[in-house]
Amino acid sequence: MTQLTGETRDAIIKDDNKFIEDIINANKAERDPYWIVVFAKPSKTAIDGKPTLIKHIKAYKTRPVSSVGMIILEVDNAKGVIKHEVNMPQRPFDFDALQLVGAEACNEVITETTSIPGSYVTK
């Protein structure tokens with residue numbers, strides 16, 4: 001089975017959007033603004049010895065404090081408006097800076113595997 005570039009990203013976005021739509025539909029009678037937050041935090045478990053993250057998508061009645069790595073949607077049903085706040089780092093990690101502290105440049109390819117059946121299969 002071949003995995004195409006962007007396939008995992010597209011599946012994650014589709015899954016997140018479905019979950020957000022479910023929250024919006026469940027709260028469509030809500031007249032006061034509310035917030036939906038998407039974030040991930042480290043899990044207490046590991047898979048194949050590798051640390052994992054747990055994704056959270058939750059609705060809040062009060063606006064949460066913005067934090068790096070957090071997506072906040074403000075939903076106002078009365079106005080029919082959803083505002084997005086994306087809190088990603090200002091710039092990507094500077095791998096070239098690692099050479100300043102002694103790392104050597106290379107063109108290695110890292111292949112990750114997992115023992116979870118079907119973990120890369122989307123339907």
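Colleague: What pattern does the protein follow, read along the sequence?

Modeller: The pattern is α-β-β-β-β. That is one helix and four strands. Helices (H or I, at least four residues) and strands (E, at least two) are DSSP runs, numbered from the N terminus. This is a predicted model, where local features need pLDDT of at least 70, side-chain atom pairs count only at pLDDT 80 or more, and totals for chains, interfaces and linings use all residues. Residues are numbered from 1 along each chain as its sequence is written, and side-chain values use heavy atoms, with hydrogens and water left out.

Colleague: What makes β3 mostly covered?

Modeller: Five of its seven residues are buried. Buried means under 20% relative accessible area, exposed over 50%, partly exposed in between (1.4 Å probe, protein chains only). Across the protein, buried residues make up 17% of the 123 residues.

Colleague: How do you know that β1 and β3 pair?

Modeller: Two strands pair if DSSP finds at least two bridges between them. β1 and β3 have five, in the antiparallel sense, so they meet the definition. Within β3, Glu74 is the bridge partner of Trp35.

Colleague: How many bridges join β3 to strand β4?

Modeller: Seven, and the two strands run antiparallel. β4 covers residues 81–87. Ile82 in β4 stands opposite Val75. The hairpin of β3 and β4 has four residues between the strands, and Gly80 takes a positive phi near 70 degrees there.

Colleague: Why are Ile20, Leu73 and Val75 among the residues called a nonpolar core?

Modeller: A nonpolar core is a set of buried Ala, Val, Leu, Ile, Met, Phe, Trp, Tyr and Cys residues joined through side-chain atoms within 4.5 Å. The largest one here has eight residues: Ile20, Ile23, Tyr34, Ile36, Val38, Ile57, Leu73 and Val75. α1 (7–26), β1 (34–47) and β3 (70–76) each give two or more residues to this core. The largest share, three residues, comes from β1. Apart from this core lies another, of five residues, including Trp35, Val37, Phe39 and Ile72. In soluble globular proteins, nonpolar side chains tend to be buried together.

Colleague: Which residues is Ile57 in contact with, leaving aside its neighbours within four places in sequence?

Modeller: Contact means heavy atoms within 4.5 Å. By that test, Ile57 is in contact with Asp16, Phe19, Ile20, Ile23, Ile36, Val37 and Val38.

Colleague: Why is the pair of Lys18 and Asp22 called a salt bridge?

Modeller: A salt bridge is a side-chain nitrogen of Lys or Arg within 4 Å of a carboxyl oxygen of Asp or Glu. The closest N and O atoms of Lys18 and Asp22 are 2.7 Å apart, so the pair qualifies. Being four residues apart in helix α1, the two are separated by about one helical turn. Lys18 has a relative accessible area of 47%, so this residue is partly exposed. Asp22, at 37%, is partly exposed too.
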